[in-house]
Each structure stands twice: as structure tokens, then as C-alpha cells.
Amino acid sequence: MNLHEYQGKSLLKKFGVPVPEIRVLDNASYARNAAGEVSEKTGCTIWAVKAQVHAGGRGKGGGVKIAKSLDEVEKYAGEILGMQLVTPQTGPKGKKVRKILIEQGIYYPGDHEPAELYMSVLLNRATSRNMIMYSPRGGIDIEKVAEETPDQIYTEDIDPKTGILPFQARRIAFNYDLKGDAFKNMVKFLPKLYNAYINTDATLLEINPLFKASDNKILVADTKMVIDNSGLYRHPDIAEMRDFHEEDPVEVEADNYGLNYIKLDGNVGCMVNGAGLAMSTMDIIKLSGGEPANFLDVGGSASAKRVEQAFSIILKDPSVKTILINIFGGIVRCDRVAQGIVDAYKNIGEIKVPIIVRLQGTNAKEAKNIIDDSGLKVHSAILLKEAAELINEVLKK
């Protein structure tokens with residue numbers, strides 16, 4: 001589950017991670033008062049006005065403005081709130097801005113040169129350990145840094161038994177080329193950040209930029225936080241932060257049905273039981289000359305009703321030219337799936353796209369009889385190779 005910047009910062013603050021003073025609004029008329037409250041707390045006379053959407057590159061799309069007066073705060077809030085923000089990560093349609101963040105300006109006067117750094121905490125799949133990835137070059141796309149100056153990307157694997165150790169925190173601060181109070185503040189900062197990552201069941205905690213202020217304070221200037229859905233039952237307060245406006249409505253509907261569904265950009269819808277089989281099925285679709293339109297796992301105990309629901313989800317995508325149903329009957333019975341296909345035809349009405357069905361395993365023979373006796377126009381396959389050939393034939397028509 002993705003979090004907004006303001007939500008991530010509110011969580012980090014609970015773990016003692018230093019973040020700027022912020023206010024969140026859904027009405028631009030309160031912007032001046034909100035900025036005044038931030039100023040009273042911090043003494044700042046410059047504010048950042050930020051769009052809150054689940055996408056990076058907000059500044060490039062006009063979703064982040066620096067205001068140097070209360071009049072400018074009010075002006076920028078009115079411009080950003082309600083806009084359709086287009087960034088490199090939103091696609092051409094963009095996303096509507098429903099909330100904005102008013103934040104204290106962090107480029108305040110001081111005795112030291114400020115610096116923008118990069119830091120993220122995530123899983124290193126090669127070592128099966130969490131790691132801290134960091135770079136002294138923050139504030140820009142980390143992919144660009146990795147491509148142009150890979151020597152500026154550092155990693156630190158964390159032992160799950162001990163968490164981050166003091167010598168590791170010092171090594172990170174040293175590689176940032178920090179000195180004096182900034183060095184000490186970074187060493188204090190890191191255990192708090194890692195603790196927040198672990199105790200919220202996060203899968204990604206990215207800070208770009210991580211800011212060294214002119215008084216050597218370390219502040220989270222911007223953050224992207226992703227929470228493991230499987231751990232949300234332990235965090236009802238975080239689960240309540242889910243913003244359905246930021247998610248594909250079809251994926252939300254599928255989630256309500258208990259279906260594992262991800263929308264893709266292809267032309268062949270697929271319905272499969274089991275994530276591994278789903279990945280193999282998507283490979284077969286590619287080899288057949290098609291492109292998978294979705295990932296859809298109906299689960300190991302798919303009922304006829306769930307199969308019908310899966311059909312309705314796939315058919316919401318107008319780019320789908322054919323549907324491949326690939327079920328291996330282990331826990332799930334193939335005859336139940338077959339009955340779901342028949343019921344879907346009856347309840348949804350005419351399904352105009354061709355359907356290719358491959359059912360193998362428990363009660364596969366009974367399933368074939370159910371489909372054959374139904375009179376439905378369904379292409380049957382026994383082997384995956386046969387299914388691929390049928391996909392190829394259908395797409396050529």
C-alpha cells in the first residue's frame with residue numbers, strides 16, 4: 001500500500017525521525033492560516049506547497065512551489081489543489097490533486113552549506129536482508145545517478161538479528177562526507193529511520209532528498225513509503241490511510257472480491273489459480289504473439305462465484321481481445337471453475353471476446369463435460385502449447 005508524503009512523514013515522526021513542520025489541507029482557503037501556524041512553530045518565512053499524489057516528479061509537473069509570502073502560499077495552494085497533475089510517473093492522464101501539504105522552508109540561513117542526499121531502506125533480495133541504499137547525490141532521479149556515476153551509490157546490508165549497528169551508521173555518515181554535528185546527527189538519525197521501517201512492515205522507505213540543513217540538522221525533505229499489504233492487519237491505523245482515489249478502481253473492486261489482480265497494457269486477459277502458474281501463463285501469452293492484459297490469480301479455492309467475478313473484472317478492460325483461462329485443479333476443483341464459466345455467461349450476458357479454456361487436474365473430465373454440455377463457444381486446450389496456438393489464431397482474425 002502506497003502512502004502519501006504527509007502520511008509517511010506523520011509515521012516517521014512517531015518514531016522520532018526529524019521531519020519538517022507540516023499542515024495538510026483539502027481546501028485552499030485555509031492555506032494562509034496553515035502557513036501561519038507553521039511559521040509560529042518554526043519561525044520560517046518561506047514555505048513549500050506540495051501536491052499530494054502517489055507519483056514522483058511532482059515538481060516537474062508544477063505540483064511543488066516555493067512560496068516567499070503568505071500571499072504566494074494562498075496563490076499556489078489555489079493553483080495546485082484540484083489540478084490534474086501530469087508527471088513522468090502518472091501517464092498522460094495525470095492525477096487529480098485532492099490534498100496539498102504546506103511545509104516549512106528548509107533552506108533557512110545558517111553557518112553551514114546545506115546538502116541534498118539520497119537514502120532508502122528496502123529488501124536486498126540477493127542476500128535476503130534489508131539494506132540501506134544511499135548516495136551523496138540526492139534531489140535527482142537515483143536511476144540517473146546509478147547510470148552516470150555508479151560509484152556514488154552505496155549499500156549497507158543489515159543483519160536482522162542486530163538491526164543497524166553503530167559502526168554501520170558511522171560508515172554511512174562518513175560516505176556522506178559529513179563532519180561535526182551533521183555527522184553526529186546522522187548517526188542518531190539512522191537507527192530511528194530503520195526502526196520505523198521495520199515496525200511499520202514497510203517494503204520501501206525512500207527519502208529523496210534527505211536534507212542536511214544549514215544548522216547541520218538532518219531532515220526528511222520528501223519521502224515515499226510503501227507498506228506490505230500482508231502486514232496491514234497488524235496496523236489498523238495505517239490501513240485507514242489507504243487512499244482509494246489513487247488506485248485503479250478496477251483493482252480496488254478486484255481486491256474487494258478477494259482477487260489478486262493487476263492491470264497491464266496487453267490484449268489477452270488471463271484467469272489463473274496460483275501466482276506461479278499465472279507468471280508462466282503470461283510467458284505463454286507473450287510467446288504466442290500476444291501481450292498479457294492483466295495478472296489475475298483467483299486463488300487456490302476458487303468458487304464458481306469468484307470465477308464469475310473474475311470474468312466481470314477482465315471484461316471491464318476494452319483492450320482485451322481474448323481471454324485465456326488456465327486452471328490446474330489441485331485444491332480447487334476444475335468442475336467448480338467450469339460451472340463459474342457457465343454461470344458468468346448466463347449472468348453477464350453475451351461475452352463477445354473468444355475464450356480459451358485449459359483445465360487440468362482434479363475433476364478435469366467433469367469440467368470438460370460441463371462446458372461441452374453448456375453449448376458455449378469456448379476453445380478447449382489440454383496442453384499449454386495448444387493454448388498458445390489458439391491465442392495466436394484468435395489474434396490473427
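**View A. Contact between helix 5 and helix 6.** In this predicted model, Ala-169, Arg-170, Ile-172, Ala-173 and Phe-174 of helix 5 meet Phe-183, Met-186, Val-187 and Leu-190 of helix 6; contact means heavy atoms within 4.5 Å. Eight of the residues in this contact are nonpolar, none is polar and one is charged (Ala, Val, Leu, Ile, Met, Phe, Trp, Tyr, Cys and Pro count as nonpolar, Asp, Glu, Lys and Arg as charged, the others, Gly among them, as polar). Helices (H or I, at least four residues) and strands (E, at least two) are DSSP runs numbered from the N terminus.

**View B. Packing geometry of the two helices.** Helix 5 (residues 166-175) packs on helix 6 (residues 180-199) at about 135°, with the axes 9 Å apart. Axes are lines fitted to C-alpha atoms, for helices over the stretch in contact, and angles run from 0 to 180 degrees between N-to-C directions. Helix 5 and helix 6 are therefore oblique to each other (under 35 degrees is roughly parallel, over 145 roughly antiparallel, 65 to 115 roughly perpendicular, the rest oblique).

View C. Four strands in the order 2-7-3-4 form an open sheet with antiparallel pairing; two strands pair if DSSP finds at least two bridges between them. Strand 2 (22-25) and strand 4 (64-67) are the edge strands, each pairing on one side only. The twist from one strand to the next averages 20°.

**View D. Strand 3 beside strand 4.** Strand 3 (residues 47-51) is joined to strand 4 by four bridges, and the two run antiparallel. Lys-50 stands opposite Val-64 in strand 4.

**Notes.** Residues are numbered from 1 along each chain as its sequence is written. Local features need pLDDT of at least 70 and side-chain atom pairs count only at pLDDT 80 or more, while totals for chains, interfaces and linings use all residues; side-chain values use heavy atoms, with hydrogens and water left out.
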